[in-house]
Amino acid sequence: MKKLILLLFSMADVFCLLAQPPSTFVRYTVDDGLPQNSIWQLFQDRRGFIWSATSDGLARFDGQRFNVYKHQIGNQNSLSDNGFTKMVEDRYGYIWIGTSAGVDRYDPFTDKITRMYSEGVGLNHIPLDCSETNEMWVWINTKGFAVLDLLTGKIKKSIPAASILPVLSVENCPQIEKDIDGNIWMIVDQTGLLRWSRTANTCENVMPGIKLYGRHTVLQMENDTLWVGAAESENTLTCINVRNKNVLRSFSLTSADGEILRATALLRNESGWIVGTLNGGIVTCKSDFSSRTFMSLTSGIQWYSLLIDHNGILWAGSDGTGVHKQNGAMKAFYTMRRNNAEPYLVKNIFTSDSLVYTCVYHYGIDVFAPNGSYLKSLHAGSNGSGKFRFISASTQDDDVHYWLMGDSCFGRFSVSDHSFTDYLDSVRGIVPDITIIPHLSALCKTSDQTLYAGFGNQLVALRKNGATQIELVHRFENSNISALVELSSDELLVGTYHGLWLKDKSNGNWVQQKNIGDLHVKSLCVDADGRLWVGTISGLFQINLQSESVELFDEADGLPNSFIYGIMKDEKGALWFSHNKGLSKVDPRTHAFVHYNTTHGLQSNEFNTGAYHQAKDGRLFFGGINGTNGFMPDEISVRPQISAVYLSSIRLFDEPISSDTSAWALKSLLLSYEQNTLSFDFTSSDYAAPELNLFSWKMEGIDEKWSGVTSRSYCRYPNLPPGHYHLLVKTANCDGVWGEPTEVLAIYIAPPWWTTWWFLTTLFASGTILIAGFTYYLLSLQRKRHLREIHTQERIHSERERISRDLHDNVGAQLALILSQIEWLKKTNQPHSDSIHPLDELSTTAKDTIRKLRESIWAVQRDTIPIDEFSDKFKAYAMDQIRYQPDIRITFSETFAKITTLTPTITLNIFSICQEALTNALKHANAIEIKINFSSGNGNTFLFEMSDDGKGYDQNQKSDGNGLRNIRYRASQAGAEITITSAPGKGTQIRLVIPEKKH
Amino acid sequence: MPLTIAIVDDKAVIRRSMEQKLCDGVKVKLALTAGDGDEFLKKMKALPIAQHPQVVLMDIDMPVMNGIETVAVASVLYPATRFLMLTVFDDDEKIFNAVKSGASGYLLKEEDATTILEALYQVVEGGGAPMSPRIARKTLSLLMKSDLPKSSAEGDPNSDPLSPREKEILQRLIDGYNYKRIAEELFISPNTVRNHMANIYEKLHVRSKVEAVKIGIRKKWF
């Protein structure tokens with residue numbers, strides 16, 4: 001039995017070597033901009049654009065969007081018909097498009113279509129490239145050939161069908177090819193495969209037995225061999241020697257059910273064939289049609305067109321489901337997970353020579369073959385208990401044993417017989433109060449064969465000295481242990497929720513290292529040069545333990561995420577680390593990063609604490625929330641950057657620029673000084689994963705630095721001054737590999753004509769031009785006046801800001817300075833010992849000035865002051881006034897029905913009134929109890945009421961004093977109504993109201 | 001043991017006068033002075049922990065690195081040190097930001113030596129410095145919001161909402177009461193009010209520890 005299992009594993013190994021990395025496809029449909037979902041032909045032109053021919057027009061894909069070309073009635077620069085036959089690119093780069101109404105030519109330099117030739121509507125026109133003779137042959141169904149001059153498009157001659165095919169009825173000819181000798185091969189509906197020799201003008205049916213139908217055929221010429229596939233054929237493909245017309249061989253590919261697959265599309269690549277079939281999806285096979293592989297595409301789709309683009313990306317066109325493109329970002333990561341287990345949180349991973357053990361939260365230990373196929377779960381194994389359900393740490397003990405630690409177990413696991421010896425009780429015997437924190441545990445076996453285990457905040461050591469000796473090493477205050485690593489100096493470094501800790505050798509104390517403060521550590525790794533890498537929940541740190549220098553990498557430095565889980569070193573010395581936005585790789589010396597996420601084939605973007613492991617063979621494993629990713633670091637390929645970058649559109653004042661040259665063909669642009677706001681779209685012809693392409697640009701002549709490094713492929717330059725400019729663009733592919741900068745456009749913006757030397761010269765000589773100049777002068781005056789109006793409001797605002805800033809910076813600081821100096825003077829030089837120091841007054845005045853200034857600034861700084869803020873300010877002022885008079889009580893109340901606002905001027909006036917009123921109560925009336933109320937609403941913008949228990953005065957006898965006059969004046973300035981009532985012995989009541997404005 | 005302080009202000013004459021105003025060398029000792037936040041943090045790094053100031057008087061507006069940023073970083077790097085903001089103008093917005101970034105109080109620059117010293121001793125003894133009605137109002141409205149950032153899952157005092165007593169105290173501060181009068185009204189000692197105030201200040205310290213440590217590492221203040 002054991003042998004059988006071993007055999008199975010070795011077979012699995014072989015399979016793993018053969019298996020291709022998972023290639024998923026991205027699908028483009030009408031929702032993405034295609035005019036229609038039936039793709040008859042896919043074609044890449046020499047600039048890199050991908051053309052999709054549909055049943056309703058053509059689409060040119062530039063990496064960002066599908067640009068659609070259709071038939072428009074009455075427009076000679078549109079397709080002659082949407083019914084498509086075939087498109088070919090001639091040697092000058094023109095694209096000839098056959099339709100059921102004629103043959104059209106697309107000019108890539110102008111991005112325009114011209115109708116070239118038509119024999120009539122309803123007759124398929126099929127272009128056949130004969131450009132070595134400067135001729136374009138067009139087959140017109142039922143009519144024959146029209147031979148056009150390649151450059152002029154003029155018809156040179158026509159060859160009637162009857163003269164070629166005298167005996168055959170030619171209903172429809174869907175496929176036509178030219179062989180190396182210039183002879184023409186056609187598949188004719190209902191008839192067979194015809195070969196017409198141009199020189200001898202003989203025509204024969206090479207495969208008369210075949211019934212052919214519509215488009216379900218394929219012809220592919222390869223040197224002197226012609227490959228023929230037809231839906232009605234007995235075989236998948238037949239190959240014919242074009243010289244002797246012999247059928248060389250027939251090949252049949254069969255589906256899993258044994259059905260013969262019907263080829264409708266055919267493509268040669270380095271390793272063999274890719275065949276699009278009518279009844280079995282897309283099949284790849286070797287050149288001899290052995291070892292077929294079905295590509296992971298939905299079955300039941302009929303494939304009509306295949307294309308491998310300049311970057312080696314496979315494209316497939318289908319009947320009704322649009323364009324399917326291979327996801328070129330996919331890497332050789334394979335995912336291990338059990339089906340139908342949700343959620344599938346991998347918390348830890350370890351390996352034996354032949355198996356991968358993943359510890360899945362709640363499910364226990366799932367065992368996988370190295371190729372990623374699920375074998376079994378150890379959850380309910382012979383050892384019975386659910387102990388393995390929450391494993392979160394492991395470390396290798398010897399060749400066949402691992403130490404495992406989880407919520408409810410700690411012990412030694414054998415990978416040979418899956419037996420488990422629990423040590424938890426033994427540890428509890430020595431350290432009775434150990435706690436295991438869920439999801440958190442750390443294990444490390446050091447070179448002296450000691451196992452260190454972190455139980456919550458307690459570090460426990462297990463030493464093998466005959467019997468296992470258990471010892472509590474240290475208890476970290478409030479710091480749970482989250483990672484352990486042995487440094488090259490045989491020291492144990494402890495990572496915790498609060499920084500890194502090392503034992504001080506001199507006194508045996510554990511000391512928190514200053515290098516990363518008390519950040520939460522997730523993992524630790526020592527690189528090949530002995531530098532320490534620390535993964536924390538807030539960034540990745542590189543620490544030189546000798547010089548103690550620390551470098552931090554986080555989102556601010558371009559990392560996709562700062563929450564770092566596991567760090568591992570691969571066999572080449574590169575470090576791999578997992579986080580919440582995928583997996584990254586860093587060269588520890590150059591600090592060059594490469595990032596991977598789900599688009600590269602990862603289980604998900606989120607990984608997990610503690611779930612990382614390196615197998616003996618160098619394979620790395622990272623576990624996340626949806627399974628485990630395993631990979632050989634060497635097999636994670638990096639795509640070279642070979643694609644060009646183009647402008648896809650140029651806009652002037654955000655409108656497409658009117659030019660008869662297409663944006664990508666335009667090399668330079670001459671503009672007048674008024675045409676100075678330009679925007680550009682650019683695109684890269686790397687379609688591996690276009691959404692991951694990055695762009696960076698620089699407008700030489702105005703930009704100092706490169707801008708961008710973004711997936712946004714758009715830039716805008718407003719108000720460029722006259723001058724010479726060069727727009728440079730560079731692009732990175734989905735692997736982050738940058739190409740060389742390309743100058744996509746040179747721009748010259750001419751200065752206004754009246755500033756050029758020739759105009760200035762002529763101006764003096766010519767009176768007529770003088771008048772023009774005068775007119776311009778008037779116009780510019782008018783414009784300036786207009787501008788002035790616009791800026792007035794803005795200027796007032798900024799002026800106000802300037803005043804308050806000046807007051808603050810100069811006057812305020814100056815006064816504070818004076819005050820400080822006075823204070824200092826007082827302290828050092830004390831000539832008077834009597835009651836009042838003469839400088840005290842000076843000091844008080846200065847303080848008062850600062851206070852006044854502070855109030856003005858507070859009011860002037862704003863456009864409006866809310867009433868609650870006014871109230872708060874006044875309360876602070878009042879409290880300060882009675883600071884040294886503890887007997888006086890001021891009680892404030894507020895009733896704000898709504899928060900109204902006051903203008904700065906009103907604020908200043910009424911604040912003074914309130915101050916004056918308070919001063920009167922305190923200084924003149926000798927009040928002890930003062931009540932102040934602020935309110936708003938009920939028809940009032942602002943209401944201030946103050947009553948005191950002071951001595952009061954007779955309002956009939958005493959005319960208002962200076963203070964009261966001042967109050968009344970300010971009230972009138974603020975538009976406020978003031979009422980003062982007072983009588984001797986009855987205190988004073990003041991009521992200040994600003995009524996709400998009636999609109 | 002004398003009280004050790006630091007003075008951070010961009011104007012040399014203010015630094016000198018503050019020093020002469022406050023430091024007699026017996027009761028109050030000067031640990032360091034600096035002209036901006038960056039200089040302060042660098043000098044702190046060079047100073048042995050035993051010589052770190054207990055209280056830092058920090059100007060708000062300074063070139064290179066202002067007081068608010070400095071306190072945000074320094075209060076994390078040096079949790080044992082207290083920070084009092086010094087300002088010429090009581091710009092509520094700036095003061096409130098300074099408090100949120102970790103200051104234990106604020107003073108106007110023209111205050112006399114007695115007032116400043118009183119505040120210094122108060123914060124060293126763990127009490128909260130006085131708060132104006134405006135700042136109290138801002139504090140109440142900020143802390144009553146339920147969506148306060150929570151710094152971590154572990155028990156964090158900052159994530160507790162205000163206690164009823166703290167709410168009462170803040171409300172009376174808004175009403176314009178001083179500590180003494182609040183104490184009378186609530187039948188507690190002024191010291192208890194100060195302790196509650198210290199807690200309120202602590203709850204206002206919404207600074208991100210992690211960000212401060214990271215900035216410290218980048219700028220080599222650590």
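A residue is called buried if 20 or more other C-beta atoms lie within 10 Å of its own, exposed if 12 or fewer do, and partly exposed in between, with C-beta atoms placed from the backbone. Of the 999 residues of chain A, 38% count as buried. This is a predicted model, in which local features need pLDDT of at least 70 and side-chain atom pairs count only at pLDDT 80 or more, while totals for chains, interfaces and linings use all residues. Residues are numbered from 1 along each chain as its sequence is written, and chains are lettered from A and ligands numbered from 1 in the order in which they are written.

**Chain A overall**

- Chain A has 9 helices and 72 strands; helices (H or I, at least four residues) and strands (E, at least two) are DSSP runs, numbered from the N terminus.
- Two residues are in contact if their C-beta atoms, placed from the backbone, lie within 7 Å.
- Among contacts in chain A between residues at least 6 apart in sequence, 51% join residues at least 24 apart.

**An enclosed strand, β56 of chain A**

- Strand β56 (residues 627-631) of chain A has 5 of its 5 residues buried, so it is largely enclosed by the rest of the structure.
- In a regular strand the side chains alternate between the two faces of the sheet.
- In β56(A), A:Gly627, A:Asn629 and A:Phe631 point one way, A:Thr628 and A:Gly630 point the other way, and all are buried.
- Two strands pair if DSSP finds at least two bridges between them.
- Strand β55 (residues 620-624) of chain A pairs with β56(A) in the antiparallel sense over 5 bridges, and A:Leu620 stands opposite A:Phe631.
- β55(A) and β56(A) form a hairpin with 2 residues between them.
- Strand β29 (residues 334-336) of chain A is also antiparallel to β56(A), joined by 3 bridges, and A:Met336 has A:Thr628 as its bridge partner.

**A five-stranded sheet in chain A**

- An open sheet of 5 strands in chain A has the order β59-β65-β64-β61-β62, with mixed pairing.
- β59 (668-671) and β62 (707-710) of chain A stand at the edges, each with a single partner strand, so one side of each is left without a neighbour in the sheet.
- The twist averages 15 degrees from one strand to the next; axes are lines fitted to C-alpha atoms, for helices over the stretch in contact, and angles run from 0 to 180 degrees between N-to-C directions.
- Within this sheet, β64 (residues 723-732) and β65 (residues 742-749) of chain A run antiparallel and are joined by 7 bridges. A:His724 stands opposite A:Tyr748 in β65(A).

**Where the chains meet**

- Contacts link 33 residues of chain A with 24 residues of chain B.
- On the chain A side, β49 (550-553), α5 (767-828), α6 (838-860), α7 (867-881) and β67 (889-896) each supply at least two of the residues that touch chain B.
- The largest share of that side, 11 residues, comes from α5(A).
- The residues of the side of chain A that touches chain B divide into 15 nonpolar, 7 polar and 11 charged. Here Ala, Val, Leu, Ile, Met, Phe, Trp, Tyr, Cys and Pro count as nonpolar, Asp, Glu, Lys and Arg as charged, and the others, Gly among them, as polar.

**Two helices of chain B**

- Helix α5 (residues 113-124) of chain B has 12 residues and reaches 16 Å from its first C-alpha to its last, close to the 16 Å expected at 1.5 Å a residue. The expected span is 1.5 Å times one less than the number of residues.
- The buried residues of α5(B) include B:Ile116, B:Ala119, B:Leu120, B:Gln122 and B:Val123. They cover an arc of only 165 degrees around the axis, which puts them on the same side of α5(B); the arc is that of the directions from the helix axis to the C-beta atoms.
- Among the elements covering these residues are β1 (3-8), β4 (82-87) and α9 (190-204) of chain B.
- After α5(B) comes B:Gly126, whose phi is positive, near 90 degrees.
- α9(B) has 15 residues and reaches 21 Å from its first C-alpha to its last, close to the 21 Å expected at 1.5 Å a residue.
- The buried residues of α9(B) include B:Val193, B:His196 and B:Tyr201, and their cover includes α4 (92-100) and α8 (179-186) of chain B.

- B:Leu3 lies in strand β1 of chain B and is partly exposed, with 17 other C-beta atoms within 10 Å.
- The C-alpha atoms of B:Leu3 and B:Val124, 121 residues apart along the chain, are separated by 8.5 Å.
- A:Thr29 lies in the loop between β1 (25-28) and β2 (39-44) of chain A and counts as partly exposed, with 14 C-beta neighbours inside 10 Å.
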